[in-house]
Amino acid sequence: MAEIVFGNFVNAWFMVSLLLLLAFHYLSHRKKSAMAVMFGNFTVLKSVKAGFPFTLLVILRMLTVFLVVIISMEPVLKYDALSSDNHYMLAIDSSYSMMAKDFQPDRLEAAKEIAGRFVDGVSEKSDVGVVGFGAVDYLVSAPDSDKASVKYRISQMGLSDYGGTNIAGALFTSANQFTSARDGNRRVLILLTDGVNNIGQSPESALQYLKAMDVTVFTIGIGSGSAGFAQNSTDFNLGYDQKFLQFLAQETGGSFYPASGRGELESAFGSIRSSVVRTEEVHLSTYLVLALIIFLFFQWGPLLLHYGV
């Protein structure tokens with residue numbers, strides 16, 4: 001999406017007034033010229049196209065006035081551009097249910113592997129941090145531009161020592177890591193979970209904090225929707241809260257991705273990397289000043305050359 005916005009509308013009426021005055025001047029001059037030819041009965045003058053240079057001059061002057069006023073209105077072109085120069089936090093569920101075997105070798109190992117490839121694909125200007133969570137959230141890697149170091153720490157992630165899934169704690173901890181982020185880059189949090197919040201605060205309590213921190217949240221619900229065989233040989237009633245994950249993403253400007261297999265999980269991370277946009281601004285005044293100089297040259301250049309100035 002692209003749009004042109006103006007920082008100063010005060011001169012809008014001034015622009016319209018000047019253009020109307022120039023148009024009135026041009027029409028009056030044409031009318032007087034026509035009357036002079038008619039009453040003078042200079043038939044030969046009718047065959048001379050003397051009005052063209054004047055018409056061109058008026059057009060150039062109208063464009064000149066138009067440019068001057070547009071420049072004074074401080075025009076800015078704004079457009080959305082794809083960007084991978086962002087600050088990323090990955091919040092990866094490491095509760096016992098992530099040992100389910102509907103992914104090979106299990107959900108957690110598949111998530112770690114694909115998250116590592118995601119880290120490889122982000123810009124060198126981007127910092128990436130990682131939070132793990134089960135009943136307790138913990139910092140796996142502080143935001144770091146050293147991608148090899150981040151990948152290694154992801155690979156060393158294990159299961160949480162305590163049962164339960166504390167999504168709210170992971171959201172708060174992840175958001176707090178953005179406090180040292182450099183200005184200018186977007187803050188992106190990717191939440192990957194196969195369960196529902198069943199311990200600690202409600203995840204809705206973290207939503208306002210995420211908004212205040214200007215964090216965009218992308219959510220991934222991992223799992224086939226059926227119970228999988230886990231480490232302790234127990235069938236879990238596995239399933240994430242899709243409505244909440246969709247709500248969290250939409251409220252912060254992100255998207256929700258269901259991932260029931262490796263292909264969908266890889267696609268989710270790829271879509272997130274390519275869909276993150278930021279608003280770019282181009283101040284048009286400089287370019288319009290160049291156009292103004294060109295118009296002035298065409299108006300005054302021949303006259304100056306004629307008199308040797």
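Q: Let's start with L265: what is L265 in contact with, leaving aside its neighbours within four places in sequence?
A: Leaving those neighbours aside, L265 is in contact with F103, A110, A111, I114, L192, I220, I222 and A259, where contact means heavy atoms within 4.5 Å. This is a predicted model, in which local features need pLDDT of at least 70 and side-chain atom pairs count only at pLDDT 80 or more, while totals for chains, interfaces and linings use all residues. Residues are numbered from 1 along each chain as its sequence is written, and side-chain values use heavy atoms, with hydrogens and water left out.

Q: OK, and which residues touch the most other members in the largest nonpolar core?
A: Of its 31 residues, those are L90, V130, I190, L192, I220, L265 and F269. A nonpolar core is a set of buried Ala, Val, Leu, Ile, Met, Phe, Trp, Tyr and Cys residues joined through side-chain atoms within 4.5 Å, and buried means under 20% relative accessible area, with exposed over 50% and partly exposed in between (1.4 Å probe, protein chains only).

Q: Which element gives the most to this core?
A: That is α3, with 7 residues; helices (H or I, at least four residues) and strands (E, at least two) are DSSP runs, numbered from the N terminus.

Q: Switching to rings, how many aromatic pairs are there?
A: A search of the whole structure finds 4, and rings of Phe, Tyr and Trp (its six-membered ring) pair if their centres lie within 6.5 Å, with planes under 30 degrees apart counted as stacked, over 60 as edge-to-face and the rest as tilted. The pair of Y88 and F118 is edge-to-face, because the ring centres are 5.3 Å apart and the planes stand at 90°. Y88 is in strand β3 and F118 in helix α3, 30 residues apart, and both residues are buried.

Q: And salt bridges, how many does the structure hold?
A: The structure holds 8 salt bridges, each being a side-chain nitrogen of Lys or Arg within 4 Å of a carboxyl oxygen of Asp or Glu. One of them joins K151 and D120, with the closest N and O atoms 2.7 Å apart. Since K151 lies in helix α4 and D120 in helix α3, this pair ties together parts that are 31 residues apart in sequence.
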